[in-house]
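Subject: Structure handover

Dear colleague,

Here is the structure I promised to pass on. Please open it alongside these notes.

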Amino acid sequence: MNEDYARKQLVKICGLLYERKLTVSAGGNMSVRLNENEILITPSGKNKGFLTEDDPIVLDMEGKVLDGLGKPSIETGMHLALYKANPDTKAIIHCHPLNCIALTMKRRIRTDLTPEGVLLLGDVPTIGYHTPGSQALADAVASHSKSRAILMERHGAVTQGKDLIDAYNRMEELEFQARLQMLVGRCRGLPKDEVARLSEM
């Protein structure tokens, strides 16, 4: 992917995430794969709603800084683990959506309440709490690398996609499903045969 285009897209998506309250303050981190050997990732400690195109940092697949003045996200290890596990993954978004986090402390998220949940997300695992930025967290996320979305107890959510818009759409849908579940409480999901039909689409 062209680096200039990737920077513009990354900053735009970060702005949308901030506007939609899917992340707040300096929380969260987002990245995009530039090629087989390089990624572009958001810097640590900066509000994602106010990033400029100069802020994201270029890293190699071992986490070495190739270009950029800031400090890469503390969750770099988590991003790299997913990219290494999934060659088709071109973008990763990690946010702190309020309803998603609330659900990790109450019960498991369901994605079978609407067709869109099944189509965009599939089954979404929740991993236990690990210190942000730790190798333990990166390893726990990597153990569910085939999932399109992953929740982390008391921490937030991760989505991956074929591009930034794909990953963004999954994050937006994930928070919608979490909010819907918080509103309706316990209820029946779609019939199992319909979930299977949607899953094959």
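Predicted model: local features only at pLDDT ≥ 70, side-chain atom pairs only at ≥ 80, totals over all residues.

Numbering starts from 1 along each chain as its sequence is written, and side-chain values use heavy atoms, leaving out hydrogens and water.

The sheet

An open sheet is formed by 8 strands, in the order E4-E3-E2-E1-E5-E8-E7-E6. Its pairing is mixed. Strands here (E, at least two residues) and helices (H or I, at least four) are DSSP runs, numbered from the N terminus. Two strands pair if DSSP finds at least two bridges between them. E4 (65-67) and E6 (126-127) are the edge strands; each has a single partner strand, so one side of each lacks a neighbour in the sheet.

Strand E5

Buried means under 20% relative accessible area; exposed is over 50%, and partly exposed lies in between (1.4 Å probe, protein chains only). Side chains in a regular strand alternate between the two faces of the sheet. In E5 both faces are covered: Ala91, Ile93 and Cys95 are buried on one side, Ile92 and His94 on the other.

E5 pairs with E1 (residues 29-33) in the antiparallel sense, over 4 bridges. There, Met30 stands opposite Ile93. E5 also pairs with E8 (residues 156-161), again antiparallel, over 5 bridges.

Contact means heavy atoms within 4.5 Å. Leaving out residues up to four places away in sequence, Ile92 touches Asn29, Met30, Ser31, His79, Leu82, Tyr83, Val158, Thr159 and Gln160.

The helices

Helix H2 (residues 76-85) lies across E1, E2 (38-41), E3 (57-60), E5, E7 and E8. H2 runs at about 35° to E1. Axes are lines fitted to C-alpha atoms, for helices over the stretch in contact; angles run from 0 to 180 degrees between N-to-C directions.

H1 (residues 3-19) and H6 (residues 164-184) have axes that come within 10 Å and cross at roughly 10°. The two are therefore roughly parallel; that label needs an angle under 35 degrees. H1 contributes Gln9, Leu10, Ile13, Leu16 and Leu17 to the contact, and H6 contributes Leu164, Ile165, Tyr168 and Met171.

Asn99 lies in H3. With a relative accessible area of 15%, Asn99 is buried. Asn99 touches Glu175, Ala178, Arg179 and Met182, not counting residues up to four places away in sequence.

The cores

A nonpolar core is a set of buried Ala, Val, Leu, Ile, Met, Phe, Trp, Tyr and Cys residues joined through side-chain atoms within 4.5 Å. The largest has 30 residues, with Leu17, Ile93 and Leu174 making the most contacts inside it. H1, E1, E5, H3 (98-104), E7 (149-152) and H6 each give two or more residues to this core. Leu174 touches Cys100, Ile109, Leu121, Val124, Ala149, Leu151, Ala157 and Thr159, not counting residues up to four places away in sequence. A second, separate core has 18 residues, including Ile57, Met78, Tyr83 and Leu137.

Best wishes

Technical notes:
Parallel < 35°, antiparallel > 145°, perpendicular 65-115°, else oblique.
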